[in-house]
Every structure is written in structure tokens, then in C-alpha cells.
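Visitor: I'm new to this one. Could you show it to me and let me ask how you know what you say about it?

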Amino acid sequence: MHGKKVMVVTLCALLLFGALAFASVSLGQQKALADEATFYSTSSDGFLEIANSSYTAAHDAANADVIWSALTWSAIGQAFISGNYQIYRNALFFDTSSLPDSAVVTAATLSLYGSVDYSTTDFDITVVDGSLLNDPLVLGDYGDLLTQTISGGAFNTSGFSVSGYNDIPLNPTGMGWISKTGMTKFGLRSSREIASIVPRGYEAININQYEEGVGYQPRLVVSYDTAAPTPTIPPPPSPVPTLSQWGMIGMAIVLSVALVWSIRRRLVVRT
């Protein structure tokens with residue numbers, strides 16, 4: 001009878017040890033939960049404007065005629081007004097240096113609070129790489145944005161709201177422009193202006209700028225994960241069994257003892 005009690009206690013201890021080892025391995029494999037950070041544009045945001053009787057000259061110019069960075073609103077798009085072609089290219093700045101160096105961006109949304117929509121033709125507000133932009137803006141930033149045509153995310157003005165935020169989910173390309181060490185810079189261009197489609201009327205919208213204050217100014221929401229990536233090269237084998245290995249050894253012992261016990265009982269019954 002005493003032998004049976006010892007056997008039961010031993011089996012229970014081994015089972016518990018195995019369960020703890022399994023639990024520790026499972027918990028160790030869990031990834032860190034995604035975190036989220038919200039950033040608002042800086043006072044450097046604004047837009048660059050040019051006007052010329054030649055659309056090609058206006059579109060391909062190296063420098064803008066004027067920089068608007070202290071208004072409460074900012075224009076995006078193009079227009080044909082009083083015999084002149086006008087083009088408006090926008091620039092946004094976000095200080096994202098507080099993001100952890102180990103952050104892996106999993107999603108990001110750029111939100112623009114609508115101000116005015118007088119556009120007679122819908123277009124895509126297109127997010128482009130603004131890494132070449134100066135802070136603060138200079139006239140030459142107009143020409144720097146000319147070559148930025150790859151979309152990091154877009155929003156069609158057919159759904160543009162002037163009484164709330166218009167959300168632009170960034171695609172993987174756009175998320176790749178988010179800096180973890182300094183300033184994140186975005187350019188905003190009209191898809192029709194990128195395609196050099198000559199405007200026949202007013203094709204532009206206005207959004208709020210930094211001067212409108214938190215809750216109205218451009219906003220960037222970034223979701224990220226700081227979990228360490230799974231190593232691609234397995235670590236060298238350890239001479240001392242790990243906790244999980246001890247658990248597997250324990251489970252093997254339990255199964256072996258159970259098998260021996262079963263055979264012993266059969267022999268006793270037969271005897």
C-alpha cells in the first residue's frame with residue numbers, strides 16, 4: 001500500500017512539473033501587445049503656391065512663388081483662375097522621435113480636418129514622401145515635391161468632409177516614411193496634378209493647419225509592436241537541459257512508469 005502511495009505522489013509531481021514547463025514555454029512565446037501613439041503637426045506645416053499663364057511652366061517649376069505657413073488653412077490641388085494656372089502643394093511635419101527604436105509600425109492613419117471644398121472636380125489627395133522638405137519650408141521645396149509621385153496613401157475628395165477629420169490609411173510604403181529618430185515629413189498632392197492633367201476650373205480643397213490647434217490640426221496615429229523578432233539562427237544546444245526539456249523528460253518518465261505499472265498489475269492479476 002505504501003508503495004502505491006509513493007507511486008501516486010511521484011506521478012502527480014512529474015505531471016505538475018511538466019505542466020509548469022509547458023506553461024513557461026507558452027508564455028515565453030507570446031508577443032508584446034501593439035501600442036499606439038498620436039502626433040499632431042508642427043508649426044512648420046503649410047503649402048507652396050505658384051501661378052503662371054503656362055501650365056507646364058507652373059507645374060515643372062523649381063521654386064514656388066510663395067509659401068503659406070502661418071494661415072489657419074492650407075490648400076491642396078490646382079486651379080485655372082483669371083488666365084493663370086495655380087498649383088498648391090502641401091507639406092506636413094510630425095515630431096515622431098518619441099517612437100521606440102525597436103518599434104515595428106503595423107498601421108498608421110493620417111487625418112486631415114476639412115476646411116473648405118469649392119472643387120468642381122474630384123481628385124485623390126495623395127500622400128507622397130516629404131523627406132526632402134526643409135524645416136521650415138523654402139521656395140525650392142516646391143520643385144522637390146515634383147519628383148515625389150509614389151503614393152503612400154490616398155483619399156478621394158468625393159467623400160471629403162468640412163466638419164470633421166478625413167482619414168487616410170497609409171499603405172506599407174507610407175508607413176516606411178515614418179521616422180523613429182526625428183521628424184516625419186509628408187507631402188500632399190492632387191492625383192490630377194501628379195498626372196499633369198490641365199485644370200479647367202477650381203480643383204482644390206482646404207484643410208486646417210497647425211494654427212487651428214489640437215483637435216483640428218493634421219493628426220498622425222501610429223500603431224506599432226515592440227516585440228523582439230524571432231531569431232533566424234537557432235541558439236547552440238545547452239549542456240544543461242532547459243525547463244521545457246526537463247518537462248519533456250518528466251513526461252517521458254511518467255509514461256514509462258505508467259507502462260511498467262500497467263504490466264505489473266497484469267502479471268499480479270494473472271498470478
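Guide: Let's start with Glu193 and Arg189, whose side chains meet in a salt bridge, N to O at 2.5 Å. This is a predicted model, where local features need pLDDT of at least 70 and side-chain atom pairs count only at pLDDT 80 or more, while totals for chains, interfaces and linings use all residues. Residues are numbered from 1 along each chain as its sequence is written, and side-chain values use heavy atoms, with hydrogens and water left out.

Visitor: What makes Glu193 and Arg89 a salt bridge?

Guide: Their closest N and O atoms are 2.8 Å apart. Glu193 sits in helix α5 (residues 191-194) and Arg89 in strand β5 (residues 84-95), so this pair ties together parts that are 104 residues apart in sequence. Helices (H or I, at least four residues) and strands (E, at least two) are DSSP runs, numbered from the N terminus.

Visitor: How do you know whether Glu193 is buried or exposed?

Guide: Buried means under 20% relative accessible area, exposed over 50%, and partly exposed in between, with a 1.4 Å probe and protein chains only. Glu193 has 0%, so it is buried. Arg89 also counts as buried, at 0%.

Visitor: And what about Arg192 and Glu203?

Guide: Their side chains form a salt bridge too, at 2.9 Å from N to O. Arg192 is in helix α5 and Glu203 in strand β11 (residues 202-208), 11 residues apart. Glu203 is buried, with a relative accessible area of 2%.

Visitor: Why is β11 described as largely enclosed?

Guide: Six of its seven residues are buried, so the rest of the structure largely encloses β11.

Visitor: How do you know that β4 pairs with β11?

Guide: Two strands pair if DSSP finds at least two bridges between them. Seven bridges join β4 (residues 73-81) to β11, and the two run antiparallel, so they pass that test. Gln78 stands opposite Glu203 there. Strand β6 (residues 104-117) also pairs with β11 in the antiparallel sense, over three bridges, with Val116 as the bridge partner of Asn206.

Conventions. A salt bridge is a side-chain nitrogen of Lys or Arg within 4 Å of a carboxyl oxygen of Asp or Glu.
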